[in-house]
Amino acid sequence: MGCKKLYLLPVFLFLFLPASLLITLAIAIIYDHVSPVLPYISDTGTFPPESCIFGLLLNFAAYTMLGGIYMRYLQVEYYVTAKPGKGVGHNFNKVAAIIGAVSCLGLDLLANFQAANLMLVHMVGAMLCFGGGIVYFALQVWISYKIPGVTSKHVLLVRTVLVILCFTVTVISIGAGIAAYRIYPGTIQDARHWKREEPGWELHLVSTILEWIMCMLYSFLMLSFVPDLWGYELMLPKVMPKDNKC
């Protein structure tokens, strides 16, 4: 018994993650917890009831991503075992998988420790999620380059461009956000309703828009693994008694 359509996993994540964020955004706007002009994603999951849904959906997304990372690890292991000494080694593949798992842990922390309650844990989660995510996908680009047959040249090119864009957008978003808060006269709580006429609004808007673009780039990066997993299946393990008797 096995799972024959592994390529559906990245398709599901590509659809599920943006839908989850839009759902919590809509609820936060309805309850007037954030400004309707593209707030930070974390702000849409700060207060109940949207915080509960935010945590639930992103927890599920994190665990599903972890499953996808494991599938990718097994796929690369198949090539590494079949062609030892070429491309990358077992340890490199393991390190990439561990970094991917750390990124999923960051998403989990990000979803469950709201900025208004535990800012330090929330920021650590954000750094692990986005920083670890960029490193993981960059390592996957290197793996695809070093092992012929894992990824087509066209997909490799697209994935490389997406990683570069993701890194660039992340840096600019963080920089614009820091610059905006330096000249903002209110508190972090007030910033959820940042007004157009207040100082730093333009930089704040640039930062939030780029953060949403960054999440979409991550979603497209996950979607880029559909061709890689096409034609692969996962054979499920069996549980049997030691004496082979029922």
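How many positive and negative side chains does the chain have, and how far apart do the centres of the two sets lie? There are 16 positive and 13 negative side chains, with the two centres 19 Å apart. Lys and Arg count as positive and Asp and Glu as negative, leaving out His and the chain ends; each charge is placed at NZ of Lys, CZ of Arg, CG of Asp or CD of Glu.

A note before the views: this is a predicted model, in which local features need pLDDT of at least 70 and side-chain atom pairs count only at pLDDT 80 or more, while totals for chains, interfaces and linings use all residues. Residues are numbered from 1 along each chain as its sequence is written, and side-chain values use heavy atoms, without hydrogens and water.

**View 1. Three side chains, R72, R159 and D228, are linked in a network of salt bridges.** A salt bridge here is a side-chain nitrogen of Lys or Arg within 4 Å of a carboxyl oxygen of Asp or Glu. For R72 and D228, the closest N and O atoms are 2.9 Å apart. R72 lies in helix 2 and D228 in helix 7, so this pair ties together parts that are 156 residues apart in sequence. Helices (H or I, at least four residues) and strands (E, at least two) are DSSP runs, numbered from the N terminus. R159 also forms a salt bridge with D228, at 3.3 Å between the closest N and O atoms. Since R159 sits in helix 5 and D228 in helix 7, the pair joins parts 69 residues apart in sequence.

**View 2. R192 and D43 meet in a salt bridge (3.8 Å, N to O).** The pair links distant parts of the chain: R192 is in the loop between helix 5 (153-183) and helix 6, and D43 in the loop between helix 1 and helix 2, 149 residues apart. R192 counts as buried at 4% relative accessibility, and D43 is buried as well, at 10%. Buried means under 20% relative accessible area, exposed over 50%, and partly exposed in between (1.4 Å probe, protein chains only).

**View 3. C215 is found in helix 6 (residues 201-223).** With a relative accessible area of 10%, C215 is buried. Leaving aside residues up to four places away in sequence, C215 touches L21, I41 and F130; contact means heavy atoms within 4.5 Å.

**View 4. The buried residues of helix 1 pack against helix 2 (50-82), helix 6 and helix 7 (226-229).** Among the buried residues of helix 1 are P10, F14, L21 and I27. Helix 1 is followed by D32, whose phi is positive, near 60°.
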